[in-house]
Amino acid sequence: MTDKHYKQYLANHNHPKIRLMHFIGQLATLFYITYTLYIKEFWLLIFAPLIVYPFAVSSHYIFGSKGNKPSFHHMGYLQAKRCDIKMFIDILKGKLKIW
């Protein structure tokens, strides 16, 4: 991932409520993975990448400015996912505000 991609990603996520919804989606994904491992139903892990999307995608349409679309439309799924994880870590470190 380049800084260019992350800067573009942050530009699409400039509203704190969009970042908040992505953060909630990432937390839900982590809880889902943890619970799936705990109950030893490993086949359910195939659904883990889908947990974040109801939170993340809807936030762009609810809180984003006109034309604000999820980043995977512009940079592909894997690149957007890397940026999403980096944003999650930056929020945990206090570098980005979600409120």
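1. What share of the contacts between residues at least 6 apart in sequence join residues at least 24 apart? In the protein chain, that share is 69%. Bear in mind throughout that this is a predicted model.

2. Fold. The protein chain has five helices and zero strands. Read along the sequence, the pattern is α-α-α-α-α.

3. Overall dimensions. The radius of gyration of the protein chain is 14 Å. A compact globule with 99 residues would be near 13 Å, so the value agrees with that expectation. Along the principal axes, the C-alpha atoms fill a box of roughly 40 × 30 × 25 Å.

4. Burial and surface. Of the 99 residues, 34% count as buried. The accessible surface of the protein chain is about 6,400 Å². Carbon and sulfur atoms account for 68% of that surface.

5. Charge. There are 13 positive side chains and 4 negative ones in the protein chain. The centres of the two sets lie 8 Å apart.

6. Helix 1. This helix covers residues 3-12, and its buried residues are Tyr6, Tyr9 and Asn12. Seen down the helix axis, these buried residues fall within an arc of 115°, so they line one face of helix 1. The face turned away from that buried side carries Asp3, Lys4 and Lys7, which are exposed.

7. Gln26. Which helix holds this residue? Gln26 lies in helix 2, which covers residues 16-39. Buried or exposed? Gln26 counts as buried because its relative accessibility is 7%, and the cut-off for buried is under 20%. Which residues does Gln26 touch, leaving aside neighbours within four places in sequence? Its contacts are Val52, Lys81, Asp84, Ile85 and Phe88.

8. Lys40. Where is this residue? Lys40 is found in the loop between helix 2 and helix 3, the latter covering 53-63. Phi of Lys40 is near 60°. That is a positive value in a residue other than glycine. Why does Lys40 count as exposed? Its relative accessibility is 61%, and exposed means over 50%.

9. Two residues side by side. Gln26 sits within helix 2 and is buried at 7% relative accessibility. Lys40 sits in the loop between helix 2 and helix 3 and is exposed at 61%. When viewing the model, start with Gln26 and its contacts, including Val52 and Phe88. Then turn to Lys40 and its positive phi.

Terms used
Residues numbered from 1 in each chain as written. Predicted model: local features only at pLDDT ≥ 70, side-chain atom pairs only at ≥ 80, totals over all residues. Heavy atoms only, no water. Helix = DSSP H or I, 4+ residues; strand = E, 2+ residues; numbered from the N terminus. Rg over C-alpha atoms; globule rule 2.2 N^0.38 Å. Buried < 20%, exposed > 50% of the residue type's maximum accessible area, 1.4 Å probe, protein only. Contact = heavy atoms within 4.5 Å. Areas by Shrake-Rupley, 256 points an atom, 1.4 Å probe, with all protein chains shown as cover. Lys, Arg positive; Asp, Glu negative; His and termini not counted. Charge placed at Lys NZ, Arg CZ, Asp CG, Glu CD. Arc of directions from axis to C-beta.
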